[in-house]
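Please read each point alongside the display.

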Amino acid sequence: MTLRFASGIRGLSESYAGVILDLWGVVHDGFKPYPGAVHALTQLKAAGKLTLLLSNAPRRKAVLAEKLEKMGIPPTLYGAVHSSGEEAWQALRTRTDPWHAKLGRACLHLGPARDRNMLEGLDLREVKTPETADFILNTGTDRDAETLADYENLLARGAKAGVPMVCANPDREVLRGKKRILCAGALAARYEALGGDVRYHGKPDPAVFAHAMRMLDLADRRAVLVIGDSLATDIQGATRAGLDSVLVTGGLHADELGLAGLRETLPDPGRVAALLEREGFHPIAVIPSLVW
């Protein structure tokens, strides 16, 4: 299939009944919606498309919806919202699979205070050191300026003690405004490198896309389009789930495509081809940003 270069999603979305959209880097920048994003959501709804906002945010979906509304993205603009944090929370609540069933109740939360909603409603006993924990709940770094080096000692101690880790956000980095911020996925990857056992929740796991399709009440994979800015999570996850996808080039990959700060500019086709060949994941189209 020939890769399409489009200025917006109007023509790309016409043949799909449902659209799954990433949030951070596509709909908003962590602070506010991107120009044109709210209009695009409005037009998708007007066109009769079912929409679901699917984020790798390490927090409950209700918390996510509340934050979106404060940003000026009310529930009336989209059909549903789901998150990797919700997937992790539900897995810790139900413990229906063998991996989660064997976890104890002593939990070390690795993450900022804003993610403490991930502990609410669960029968857990919070501890402060990896040596006293039955498992680590990883929702990311405590402060934006921190690096992997700030967590090396804690991660090494946890891995040495054989403590399993639940990663509630597989993203390794995210753009907050124009700054790249380390995410839980980077800590989890380092933990694995140290010998730790990690269970990831969220994109690119096909299970989260299957859940999203059930929420949309769509069974036909050909009827769903995924829009995201990360090849490693959005596009890889869509590919593994058998779904078509569109890459937003003004997001995480903007710098390597020569588009730093240029969210309205289509990238050079040669640079796009080189990036896709290197990463090995292939969307059906690319757009500069989420506009209609």
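1. How many residues of strand β5 (residues 106–110) are buried? The answer is 5 of the 5, so β5 is largely enclosed by the rest of the structure. Buried means under 20% relative accessible area, exposed over 50%, and partly exposed in between (1.4 Å probe, protein chains only). Strands (E, at least two residues) and helices (H or I, at least four) are DSSP runs, numbered from the N terminus.

2. This is a predicted model, in which local features need pLDDT of at least 70 and side-chain atom pairs count only at pLDDT 80 or more, while totals for chains, interfaces and linings use all residues. Residues are numbered from 1 along each chain as its sequence is written, and side-chain values use heavy atoms, with hydrogens and water left out.

3. Within β5, Ala106, Leu108 and Leu110 point one way, whereas Cys107 and His109 point the other way. Strand β5 pairs in the parallel sense with β6 (residues 125–126) over 2 bridges and with β7 (residues 135–138) over 4 bridges; two strands pair if DSSP finds at least two bridges between them. Ala106 has Arg125 of β6 as its bridge partner, and Leu108 stands opposite Ile136 in β7.

4. Strand β1 runs parallel to β14 (residues 285–287), and 2 bridges join them; the bridge partner of Arg4 in β14 is Ala285.

5. In helix α3 (residues 61–71), Leu64, Ala65, Leu68 and Met71 are buried. Seen down the axis of α3, the buried residues fall within an arc of 115°, so they line one face of the helix; the arc is that of the directions from the helix axis to the C-beta atoms. Ala62 and Lys70, on the other side of α3, are exposed. The buried residues of α3 pack against β3 (50–55) and β4 (80–83), where contact means heavy atoms within 4.5 Å. After α3 comes Gly72, whose phi is positive, near 95°.
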